[in-house]
Every structure is written in structure tokens, then in C-alpha cells.
Amino acid sequence: MKKLWFIMFISIANFIGPVSLANEINNQLKTYQAQGAGEFSASRGEKMWHKNYPDPKKSDKQRNCGVCHTDNLKSKGKHARTGKVIPPLAPSVNSERFSDKKFIEKWFKRNCKWVVGRECTAQEKGDFLVYLRDK
Amino acid sequence: MNMKIQMKLVLISAVLIFIPLTSIADSWFGKANKGVAPVNNKLYATECSACHYAYQPGLLPARSWKKIMNNLENHFGENAELSKEDTQELTQYAIDNAADKSSHKRSIKINRSISKNEIPLRITEVGYIKRKHRELSKRHLVDNPDVKNLNRCEVCHTRINNGSFSEREINIPGYGRWED
């Protein structure tokens, strides 16, 4: 009997697992909408991902997300200065991505400030998550 | 007084005397308080080690930690901002376990080597630590492809997670054990 419960638990957990992951992104999207964001657009998110912003420290250089994450969302990144290995962003190859609300907000805050020079708006964060969701 | 109560009193006082004696012995003979206190705060370990080795608070005095934690937005050139609550918890943890609050041997030595008006922001700026690494050269550290950066204490100090920096535990990649 115990075994049966265990098997049931595992199969339910397997079923819920991926669903709850997608929900974390959807929950975030709802939060952003509550903060005033409108419809989200994956193409806007993609544009922002590739966009170059001036480097405040070196006038001949530019910053974009790929500087640390590479241009390929499915590949590992590397921190531009410290060399720290950064796990891939695409949920399809990294199921741990976007499963923790606190983690999402922490890195949005840090990285938007570094790349864009300010915090991202709720709209921008939502666009970006919609772009990444199905990658 | 009856015998039984007297015996009990003797026993209790013996125990009461013995407890402080053992802790004094531990600090004198360095049993419990060698090195620096290992990190025992989960949030601290997770957040700090997201980018670099989670240096034990006992490696810098409280005033250093205060300054570092007050400026996470520009953390040695990187943005390491945390939520308000997390910043508060980690600042408190670092301050409570800082070198000037610790009874661990290395922390005491670290603290003694820093003058009162000094607020070192890097562990490599601490007098005691600079002195201890004086004999090393570039080829061991920054020019060593397996070390590269002085912030990677954990590469050579093999038992650093236990708060131990003992000389016989040092292993420099490409050079092996270090002896004075």
C-alpha cells in the first residue's frame, strides 16, 4: 500500500512540476499587469534583448544582455568580468529558470541597471518573460 | 546541613566551575577556535556564493561589513543589490560575526592588524593577511591560470569551508603544497 502511495505521489508530482514552473512566469505577468503593464509582446522583448546601450564607463563600448548571457538563450553564459558561469536562460534547457519569484526580481533589478542604466519597467519585464517563456 | 544536600552542592559547584574552564582551555589550546568561524547562515552562503566565495564574516571587522553592505549597488564595480529584508539580515549576520566580535584565532589576529581608523573593504587590504601572503609572487596567483584572481581564496585553502586556513592544508594549483 505504501508503495502505491509513493507511485501516485511521484506521478502527480511529475504532472504538476512543469505546470507550476509555467505558472511562476504567468504569476509574474499578472503582477506586472497589476503594476500597470498592458498587453505583453514577445517581439518587443526580443528587441530589447538584442538592443545595445551605451557603456557609461567606456565610450567606445556598448552593453547588451548577450555580453554575459551570449546571444544564444539555450547556451551557458559567462560573466563579462568575473568569468562566473551563468546557466542558460531558456526554460526548455534549464527547468530551474523562472521558478523563483525572488530570484527573477533580484536579477532583473541588477541586470537592468547594468545594461539599460535603470530598473526595467513592469511592461519591459513582462515583454521579456513572454519572449523567453517558450524558448 | 544534611549530607545529601551537601554532596549535591559540591557536585553542582564542581560542574559550574568546570564549564568555564573547558571553554578557556579550548581557546587557549586552540581546539574550538582555530581559524575563523565557518559560515552558518544559509541565506549568506547562497547569496554571497552566487558570484564569489562566501567569505566568512570573521575575515573583516564589523565597520568594514557595514560599509560593504551599505553599498551593494556598487559592489567592486558590480551591482549586487538584494531586497531590503535580505540586505538587513545579511548585514546583521556579518556584523554579529565580524573579526572584532570573534574569539577565533585568525579573526583576532586579523582584527589586531587593522588600525582603528582603517576600514578595509577588501580582505587583501588587511595587514595580517597581506603579511601572510608576502612570499607569494604573481606566478603563483594572478599569472596562475588556475587562480587568476586574488578573490579566489578557496582555490588554495583546501579546508576553507571549515574556516581553516592552516598552512599544511594549502595546495597551490601547479605548485602543490606551500611551505614557508
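Which residues does B:Ile110 touch, not counting residues up to four places away in sequence? I put this to the model, which is a predicted one, and found that B:Ile110 touches B:Gly58, B:Leu59, B:Ala99, B:Val126, B:Tyr128 and B:Ile129.

**Cores.** I then looked up the largest nonpolar core, which has 31 residues, and noted that B:Ile110 is listed with B:Tyr44, B:Leu59, B:Trp65 and B:Val126 as the residues that touch the most other members. The elements giving two or more residues to this core are H2 (42-48), H3, H4 and H6 (127-132), helices of chain B. I also found a second, separate core of 24 residues, and its members include A:Ala37, A:Trp49, A:Leu89 and A:Tyr131.

**Helix pair in chain B.** I next checked how H3 (residues 62-69) and H4 (residues 84-96) of chain B pack, and read an angle of about 165° with the axes 9 Å apart. The crossing of H3(B) past H4(B) is right-handed. From H3(B) the contact uses B:Ala62, B:Trp65, B:Lys66 and B:Met69, while H4(B) supplies B:Thr87, B:Leu90, B:Thr91, B:Ala94 and B:Ile95. Sorted by class, I have 6 nonpolar, 2 polar and 1 charged residues in this contact.

**Positive phi.** Finally I looked up two residues other than glycine with a positive phi, A:Phe98 near 60° and B:Phe76 near 55°. A:Phe98 sits in the chain A loop between strand S4 (85-86) and helix H4 (101-115), and is buried at a relative accessible area of 9%. B:Phe76 belongs to the loop between H3 and H4 of chain B, and is partly exposed at 33%.

How values were computed. Residues numbered from 1 in each chain as written. Chains lettered and ligands numbered in written order. Predicted model: local features only at pLDDT ≥ 70, side-chain atom pairs only at ≥ 80, totals over all residues. Heavy atoms only, no water. Axes fitted to C-alpha atoms, helices over the stretch in contact; angles between N-to-C directions. Helix = DSSP H or I, 4+ residues; strand = E, 2+ residues; numbered from the N terminus. Left-handed = near helix turned anticlockwise from the far one by under 90°. Contact = heavy atoms within 4.5 Å. Nonpolar A, V, L, I, M, F, W, Y, C, P; charged D, E, K, R; others polar. Core = buried A, V, L, I, M, F, W, Y, C linked by side-chain atoms within 4.5 Å. Buried < 20%, exposed > 50% of the residue type's maximum accessible area, 1.4 Å probe, protein only.
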